[in-house]
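Hello,

Here is the structure I said I would pass on. My notes follow below it.

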Amino acid sequence: MLVTSKELLLDAQKQRYAVGAFNTNNLEITHAIFRAAEAKQSPILVQLSAGALKYAGVEYLPMIVEKAARLASVPVAIHLDHGPSFEVVMTALRAGFTSIMRDASKLPYDENVAEVRKVVEACHAVGVPVEAEIGRIGGAEEHVVVSDREATMSDPDECARFVDDAGFDFLAVAIGNAHGFYKGEPQLDFGRLEAIRDRVSVPLVLHGASGIPDAQITRAVETGICKINIDTEIRNALIRTMQQFTRENPDQIDPRKVFAPCIDAMQAVVEHKMDIFRSTGRV
Ligand code: G3H
Ligand code: ZN
């Protein structure tokens, strides 16, 4: 069933688990996410970036995801990931998204607040919740490219001020997490996360969660993270499986045969995340 992310994340906050937000770019990734959600009886956010909308077509992919959400036995929110502008947010609202992120974290504080407030006003008018980010998450995800030098951790006091000033619903934090593959083993700053959680009452979001060891994910969930974003590990499962399959079956040109093991591999990744996020069985 199609729901808003607010319903999902407030329950997660209350029951101390996290809902996975899984990125999709096409039909096959979408299938893998929904199959995992059904198998694990887990709520999910399916998220699309501006790049996904451009690649797969704003007329097509949201319609596929919305149809799948309406048919699903589990609650599903459709989320705009790292919304780069007011215009893209409007496009997503028109396409039926039930959750929006406006990422203006690269702007100075006052401009970030102004951009987010504008989006909050529009989204709340139609009952859609909003995620925003403060501090800068390192690494690269499509148009969001932040060098090590530019990456900055979220400041707990500034987080509290940001929530009050901009009036959004969920806060994405920078606590040592980064987009894409990590160079070494990531070390999340749990002291910082606790300090943020103590000052902020809205649900907290962890981006760049691919490659974070399970033990740190568990601790992050116990410390108050309610939404966890996964993209890279799904992409990796898709492409590595495809590479291996085509190496072993060089004459196979039926895309359905090539994609079948890729979907299985992506589903396995998503199912494992649901277990460690403790969202399995929460419907
Ligand atoms: O917004 C999407 C995520 O933060 C995904 O990060 O690609 O490192 O899993 P990831
Ligand atoms: Zn992200």
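**Ligand sites**

A polar side-chain atom of asparagine 229 is 3.1 Å from an oxygen atom of ligand 1, which counts as a polar contact (a pair of N or O atoms within 3.5 Å). For aspartate 81, a polar side-chain atom lies 2.7 Å from an oxygen atom of ligand 1. Aspartate 231 approaches through its backbone, with an N or O atom 2.9 Å from an oxygen atom of the ligand. Of the 310 Å² of accessible area that ligand 1 has on its own, the protein covers 99% (Shrake-Rupley method, 1.4 Å probe).

This is a predicted model, in which local features need pLDDT of at least 70 and side-chain atom pairs count only at pLDDT 80 or more, while totals for chains, interfaces and linings use all residues. Residues are numbered from 1 along each chain as its sequence is written, chains are lettered from A and ligands numbered from 1 in the order written, and side-chain values use heavy atoms, without hydrogens and water.

Around ligand 1 there are 16 residues, each with a heavy atom within 4 Å of it. Strands S3 (76–83), S9 (178–179) and S11 (225–230) each supply at least two residues of this shell; strands are DSSP runs (E, at least two residues), numbered from the N terminus.

Ligand 2 is a zinc ion, and its protein donors are His82 (NE2), His179 (NE2) and His207 (ND1), 2.1 Å from it. Donors are N, O and S atoms within 2.8 Å of the metal (3.2 Å for Na, K and Ca); water is not among the atoms, so sites may look incomplete. Histidine 82 is in strand S3 and histidine 179 in strand S9, so the pair ties together parts 97 residues apart in sequence. Both histidine 82 and histidine 179 are buried (under 20% relative accessible area, 1.4 Å probe, protein chains only).

Regards

Terms used:
A polar contact is a pair of N or O atoms within 3.5 Å; within protein, one must be able to donate a hydrogen and the other to accept it, and residues adjacent in sequence count only if both atoms are side-chain atoms. Helices (H or I, at least four residues) and strands (E, at least two) are DSSP runs, numbered from the N terminus. Buried means under 20% relative accessible area, exposed over 50%, partly exposed in between (1.4 Å probe, protein chains only).
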